[in-house]
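Trainee: I am meeting this structure for the first time, and I would like to go through it slowly. Could we take it one question at a time?

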Amino acid sequence: GTQSLGGRVPEVQNDAVFEVASVCVNVGLWYMKRAAKIASSNNYTESDAKDVHTCMRKAAGIFDYVLTKVSPHLEGSRLEDWHDCTVPVLTAYKLECTAEAQEVTVARAIQLKHKPDLISALANETSKLFSDADTALRECDVEHVTKWRRYLQIKDQVLAAYARSFQGEYLLTLDKCGESIRTLREAQNCIKKHRISVSNTSTLLVIL
């Protein structure tokens with residue numbers, strides 16, 4: 001089977017476990033692409049948001065299954081030329097899918113005007129998921145994951161900015177103006193980092 005990293009040269013093994021892993025990873029990637037297609041619609045609705053959330057949760061569950069149940073029994077999972085079934089890549093996919101499903105929850109909370117401290121907590125947790133996914137890829141070959149890591153770093157900073165913005169709003173309701181201003185400045189710094197990252201990336205790998 002082919003893989004999402006390291007080119008398009010097929011990997012062949014006479015191993016039933018390898019087949020299970022390959023099929024599961026491809027189904028997980030399909031759910032990610034399906035979510036991306038729905039999210040790119042010009043007429044994005046609440047129903048679409050639910051579909052995106054469902055797709056990303058299913059994808060996360062599939063990658064977790066391969067990571068915990070299949071990959072330990074797969075000899076190819078320890079080979080450098082089979083990237084998709086290594087622990088770092090499966091972990092990154094699982095965390096990214098979980099984070100992007102949670103982004104839908106954050107957007108919904110903002111739309112429904114939930115309490116700013118709740119939105120801040122959700123955004124902060126989502127930011128950490130993106131950060132953890134990026135950290136998981138540190139062990140991988142830079143040549144294969146540079147753009148992916150840049151994307152995860154940008155998402156981390158954007159969600160961190162949301163978290164600090166709503167935390168600043170919450171502090172303002174408590175008449176803590178000084179702390180609120182400081183927190184909002186931190187949000188601004190996150191956006192500045194985001195702009196720098198984008199300007200330094202010629203092509204962004206968007207795996208939504």
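**Rings and charges between the helices**

Trainee: Are Phe-63 and Tyr-93 buried or exposed?
Mentor: This is a predicted model, in which local features need pLDDT of at least 70 and side-chain atom pairs count only at pLDDT 80 or more, while totals for chains, interfaces and linings use all residues. Residues are numbered from 1 along each chain as its sequence is written, and side-chain values use heavy atoms, with hydrogens and water left out. Burial is judged by relative accessible area, where buried is under 20%, exposed is over 50% and partly exposed is in between (1.4 Å probe, protein chains only). On that scale Phe-63 and Tyr-93 are buried.

Trainee: How many aromatic pairs does a search of the whole structure find, and what is the angle between the planes of Phe-63 and Tyr-93?
Mentor: Rings of Phe, Tyr and Trp (its six-membered ring) pair if their centres lie within 6.5 Å, and planes under 30 degrees apart count as stacked, over 60 as edge-to-face and the rest as tilted. The search of the whole structure finds three such pairs. Phe-63 and Tyr-93 form a stacked one, in which the rings are 4.8 Å apart centre to centre and the angle between the planes is 15°.

Trainee: How many residues apart in sequence are the parts that this pair ties together?
Mentor: Helices are DSSP runs (H or I, at least four residues) numbered from the N terminus. Phe-63 belongs to helix 2 (residues 46–70) and Tyr-93 to helix 3 (residues 87–111), so the parts tied together by the pair are apart in sequence by 30 residues.

Trainee: Which helix holds Trp-148, the partner of Tyr-93 in another aromatic pair?
Mentor: Tyr-93 and Trp-148 form a tilted pair, 4.6 Å centre to centre with 40° between the planes. Tyr-93 lies in helix 3, so the pair ties together parts that are 55 residues apart in sequence, and the helix that holds Trp-148 is helix 5 (residues 142–173).

Trainee: What covers the buried residues of helix 2?
Mentor: The buried residues of helix 2 include Val-52, Met-56, Ile-62, Phe-63 and Leu-67. What covers the buried residues of this helix includes helix 1 (16–39) and helix 3.

Trainee: How many residues apart in sequence are the parts tied together by Arg-108 and Glu-46?
Mentor: A salt bridge is a side-chain nitrogen of Lys or Arg within 4 Å of a carboxyl oxygen of Asp or Glu, and the structure holds six of them. In one, the side chains of Arg-108 and Glu-46 meet at 3.1 Å, N to O. Arg-108 lies in helix 3 and Glu-46 in helix 2, so the parts are apart in sequence by 62 residues.

Trainee: Are Lys-155 and Glu-103 buried or exposed?
Mentor: The side chains of Lys-155 and Glu-103 meet in a salt bridge at 3.0 Å, N to O. Lys-155 lies in helix 5 and Glu-103 in helix 3, so the pair ties together parts that are 52 residues apart in sequence. Arg-108, by comparison, counts as partly exposed at 30% relative accessibility, whereas Lys-155 and Glu-103 are buried.

Definitions and conventions:
Helix = DSSP H or I, 4+ residues; strand = E, 2+ residues; numbered from the N terminus. Contact = heavy atoms within 4.5 Å.
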